[in-house]
Amino acid sequence: MSLVEKLARPDLAAVRPYTPGVYEPGLVRLNANESPWRSPADKTDRGLNVYPPPRPDAIKELLAEHYDIAADQLLVTRGSSEAIDILIRGFCVAGQDAILTTPPTFDMYRLYAGIQNVEVRHVPLLQKQNFALDTQKLIEAINPPVKLVFVCSPNNPTGTSAPRAEVERVCEAANDRALVVIDEAYYEFANAENFSAFRQRFPNVVLLRTLSKFVSLAGVRCGVLIADPEIVKFLGNVLPPYTFPTPSIEHVQEAFTKDALNISKERIQLIRRERTRLAEAMQDSILVKHVYPSDANFVLLRARDAKQFVDRAYRAGILVREFPGQPELENCIRVTIGKPEDNDRLIRAISGVETSNDG
Ligand SMILES: Cc1ncc(COP(=O)(O)O)c(C=O)c1O
C-alpha cells in the first residue's frame, strides 16, 4: 500500500480532476469565455484577458532547477501557506484526524487545521533550552489520528534551526504512519544545512519553501511544496486549476534570472551580517533580557517589559511584532532584519543612552 493510499483522505479518491480547456498560442481562443481584448493597463507578456495556464509549468521547471530536484517532486502553490492548506485538506479527515505542532511556531498550521475541523496536538519547544525541539516527546506523540507532523526550521518566531539528527529520528519514527512536513521558509538565511537530503531518504518527508523572503516576492504569493512524486500528484488534484496568476508567473521568471538572483544572494548575506549586528546591539540594551539565536531573517528577544520596547520602537517610527495571549512568549518581541539604516534607527531607539533620558 502506498503512502498516499495509506494516509490520504479516502473520499478524495472519488473526486474526478477538472479537465481544463486547451490553450495553443497562435490559435484564436473561442473556447474559454474570455475577453478578446487586453485591458489598457495590461503590461504582461501572456495577456491578462486570458486565463493563466491551469498549472504554472514554466516556473515549475525553473524552480525545480533552482532547488536541484526533478520537476515531478515539486508543486507550485500560492505561497507556502496554500501548501499547508492543501496538505491538511488532502490528508486529514475533518472531525477525525489530527496534526502535530511544536509551539511556539507558525500560527497558520493551527488556522488551516481549524478551518478543516482538524485537531491540533502540541509538543511545546523547550523554552529553557532556547526553544529546542522536545524530540523524544514529539516521537511519542506520533500516533493515530496524527497524520501530519509540522517541524518548522528555522522556526518562526523563535529563529532556531532543528538539529538534523533529531529531525532524522522524527522522520524515522513517523515512517509510514504520518508525513513530516519540514517548513523551510527561512532556510536561505540559515547557517545550518537545509533538509533536501532528507527528502530523498524519507518518502514521508515534505519540504515547504517560499519565494516570500529570500527573493523579496511576498506580494507575488509563490510557495513550493517538495515531496515524493506520488504525493505531489495527489496534492495536484486537491489544488484547483488556474489559481496561480499570470503576473505572479512573470515576476517569478524575472526574479530567477542570473542577475536578479545574484542581487538576492548579496542581500541574504547583508541580512545575515545585520542580524548579528542587531542581535548584539539588542543584547546590550537595558530593555532586553535575552536574545535568542536566530537562523532566519528576524530575531526573537525577551524584553524586560515588552510594552516599553514596543513604544520606543514605535516612537522611532518602527513596528515590531508582539505575541499577546501566548504565555511562553510573554514579553517576547520578534524583530525583522531591515535595511541597515532602519536597523540603525531601532538600535538608537533602544540604546542605553536614550533609556536614561526618558526614564
Ligand atoms: C514558517 C513559515 N512558513 C510559511 C510561511 C508562509 O509564507 P508564504 O505563504 O508567504 O509563502 C511563513 C510566513 O511568514 C512562515 O513564517
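**Salt bridges and their surroundings**

Visitor: What is the relative accessible area of Arg 78, the partly exposed one?
Guide: This is a predicted model, with residues numbered from 1 along each chain as its sequence is written. Local features need pLDDT of at least 70 and side-chain atom pairs count only at pLDDT 80 or more, while totals for chains, interfaces and linings use all residues, and side-chain values use heavy atoms, leaving out hydrogens and water. Buried means under 20% relative accessible area, exposed over 50% and partly exposed in between (1.4 Å probe, protein chains only). Arg 78 lands in the partly exposed class, with a value of 36%.

Visitor: Which residue does Glu 82 meet in a salt bridge?
Guide: A salt bridge here is a side-chain nitrogen of Lys or Arg within 4 Å of a carboxyl oxygen of Asp or Glu. Glu 82 is buried, at 7% relative accessibility. At 2.3 Å, N to O, its side chain meets that of Arg 78.

Visitor: How far apart are the closest N and O atoms of Lys 137 and Asp 134?
Guide: Asp 134 counts as buried, at 16% relative accessibility. Its salt bridge with Lys 137 has the closest N and O atoms apart by 3.7 Å.

Visitor: Which residues are linked with Arg 277 in a network of salt bridges?
Guide: Arg 277 is partly exposed at 31%, and so is Asp 344 at 29%. Their closest N and O atoms are 2.8 Å apart. Asp 344 sits in helix α12 (residues 340-350) and Arg 277 in helix α10 (residues 258-284), so the pair ties together parts 67 residues apart in sequence; helices are DSSP runs (H or I, at least four residues), numbered from the N terminus. The network links Arg 277 with Asp 344 and Glu 274.

Key. Helix = DSSP H or I, 4+ residues; strand = E, 2+ residues; numbered from the N terminus.
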